[in-house]
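Here are some notes for a colleague opening this structure for the first time. Please read them with the model in view.

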Amino acid sequence: MAAAITSPVPVAWYPTLAILMLAVGLIVTASFFIYEATSSRRNRSLAKELTTGALASFFLGFGTLFLLLASGVYV
């Protein structure tokens with residue numbers, strides 16, 4: 001008989017993780033926009049842009065996942 005698949009994260013943590021990860025993702029996204037708006041083209045760093053974009057994408061992606069899980073949409 002097959003064993004049931006369980007989540008590695010407790011279900012009670014879903015709303016908290018969603019709020020925290022979305023908040024961090026929005027803060028990193030805001031810092032990315034501020035960096036792009038305030039730095040000149042000559043002073044921009046591609047590595048910093050890619051790192052900030054990847055970090056924002058990570059947090060917003062997992063924040064959205066936990067938001068969906070917390071609201072009952074199991075993906």
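Predicted model: local features only at pLDDT ≥ 70, side-chain atom pairs only at ≥ 80, totals over all residues.

1. Now take the helix pair. Helix H1 covers residues 14–38, and helix H2 covers residues 46–70. Their axes come within 7 Å and cross at roughly 155 degrees. H1 and H2 are therefore roughly antiparallel to each other. The crossing of H1 past H2 is left-handed. What classes of residue make up the contact of H1 with H2? There are 21 nonpolar residues, seven polar and three charged.

2. One pair of residues can be followed across the sequence. Ala 54 sits in helix H2. Its relative accessible area is 48%, so Ala 54 is partly exposed. Gly 25 is 29 residues away from Ala 54 along the chain, yet their C-alpha atoms are separated by 10 Å.

3. Next, the loop. Arg 42 lies between H1 and H2, in the loop. Is Arg 42 buried or exposed? With a relative accessible area of 83%, Arg 42 is exposed, because the cut-off for that word is over 50%. Compare its position with Ile 5. Arg 42 and Ile 5 are 37 residues apart in sequence, and their C-alpha atoms are 52 Å apart in space.

4. Then the charged side chains. Side chains of opposite charge can pair when their charged atoms come close. The count here is one salt bridge. Which residues form the salt bridge? The partners are Arg 44 and Glu 36, at 3.4 Å from N to O. Arg 44 has 30% relative accessibility, so Arg 44 counts as partly exposed. Glu 36 has 18%, so Glu 36 counts as buried. The cut-off for buried is under 20%.

5. Last, the record. An unreviewed UniProt entry lists residues 12–35 and 55–74 under "transmembrane region". How do these spans look in the model? Residues 12–35 are 92% helix and 0% strand. The end C-alpha atoms of residues 12–35 are 36 Å apart. Residues 55–74 are 80% helix and 0% strand. For residues 55–74, the end C-alpha atoms lie 24 Å apart. The label itself comes from the UniProt entry.

Terms used:
Residues numbered from 1 in each chain as written. Heavy atoms only, no water. Axes fitted to C-alpha atoms, helices over the stretch in contact; angles between N-to-C directions. Helix = DSSP H or I, 4+ residues; strand = E, 2+ residues; numbered from the N terminus. Parallel < 35°, antiparallel > 145°, perpendicular 65-115°, else oblique. Left-handed = near helix turned anticlockwise from the far one by under 90°. Nonpolar A, V, L, I, M, F, W, Y, C, P; charged D, E, K, R; others polar. Buried < 20%, exposed > 50% of the residue type's maximum accessible area, 1.4 Å probe, protein only. Salt bridge = Lys/Arg side-chain N within 4 Å of Asp/Glu carboxyl O. UniProt positions renumbered as here; feature names shortened; annotations may be inferred.
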